[in-house]
Amino acid sequence: RYLKFVTAIRSVENIKQQLVYKKVESAMMDCRRSVLIIAVLFWTSTVMGQNFDLSTSIERGKSIYSNLCASCHMADGTGISGLYSPLVGVDSLMNDESRLVKSVLKGVKGPVEFNGIEYTEDMQSFNLSDREVADLLNYIRNSWGNEGEVILPKEIPTLLSEKSSDN
């Protein structure tokens, strides 16, 4: 009898251990599943640009503009008549994002005409990251009365390869 009793207790213990193991295993699977879901949501929101903060982009763009662009286009974006084009009230800034991206990354050979005025000076190209280009253009397109839609860093390669109004 004692042997049957011990065997029965061991059986009960084995069953309890199996149940505990299954509960732990199930909890671990739930945890892994939750971590995976969180990772996918984070990746999706980052890749899709849902975490993009326009005001932060504009602030970074302002710094880039001050360092690279203001000496020709002026701090207030008005340019120098006949030499360097203004960035205020120029329709192509709002309507041709591809042209803007190409202007920044490839430069511009003059003369060019904006709003009926010819500008003779060339614009040099700049070696900037996609984020820096997006930040710079978000600043320009949302300053001095300009109101442009957001340009995301992930859009820069596509915009660079698209046909624009000047090519």
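**View 1. Helices α2 and α6 are roughly perpendicular to each other (angles of 65 to 115 degrees count as such).** In this predicted model, local features need pLDDT of at least 70 and side-chain atom pairs count only at pLDDT 80 or more, while totals for chains, interfaces and linings use all residues. Residues are numbered from 1 along each chain as its sequence is written, and side-chain values use heavy atoms, with hydrogens and water left out. Helix α2 spans residues 54–68, and its axis lies 7 Å from that of α6 at an angle of about 95°. Axes here are lines fitted to C-alpha atoms, for helices over the stretch in contact, and angles run from 0 to 180 degrees between N-to-C directions. Helices are DSSP runs (H or I, at least four residues) and strands are E runs of at least two, numbered from the N terminus.

**View 2. Here is where α2 meets α6.** Contact means heavy atoms within 4.5 Å. Among the residues that α2 brings are Leu54, Ile58 and Tyr65, and α6 answers with residues including Leu136, Tyr139 and Ile140. Sorted by class, this contact holds eight nonpolar, three polar and five charged residues.

**View 3. Helix α5 passes α6 in a right-handed crossing.** Leu100, Val101, Val104 and Leu105 of α5 touch Val133, Leu136 and Leu137 of α6. Seven nonpolar residues make this contact, with no polar and no charged ones. Ala, Val, Leu, Ile, Met, Phe, Trp, Tyr, Cys and Pro count as nonpolar, Asp, Glu, Lys and Arg as charged, and the others, Gly among them, as polar.

**View 4. Look into the lining of the largest pocket.** His73, Ser85, Ser103, Val108 and Met123 are the closest to its centre, out of 32 lining residues. Helix α5 gives the largest share of the lining, four residues. By class, the lining has 20 nonpolar, six polar and six charged residues.

Methods: Left-handed = near helix turned anticlockwise from the far one by under 90°. 1 Å grid on protein atoms, 1.4 Å probe; cavity = no way out; pocket = protein on both sides within 12 Å on 5 of 7 lines; lining within 4 Å. Parallel < 35°, antiparallel > 145°, perpendicular 65-115°, else oblique.
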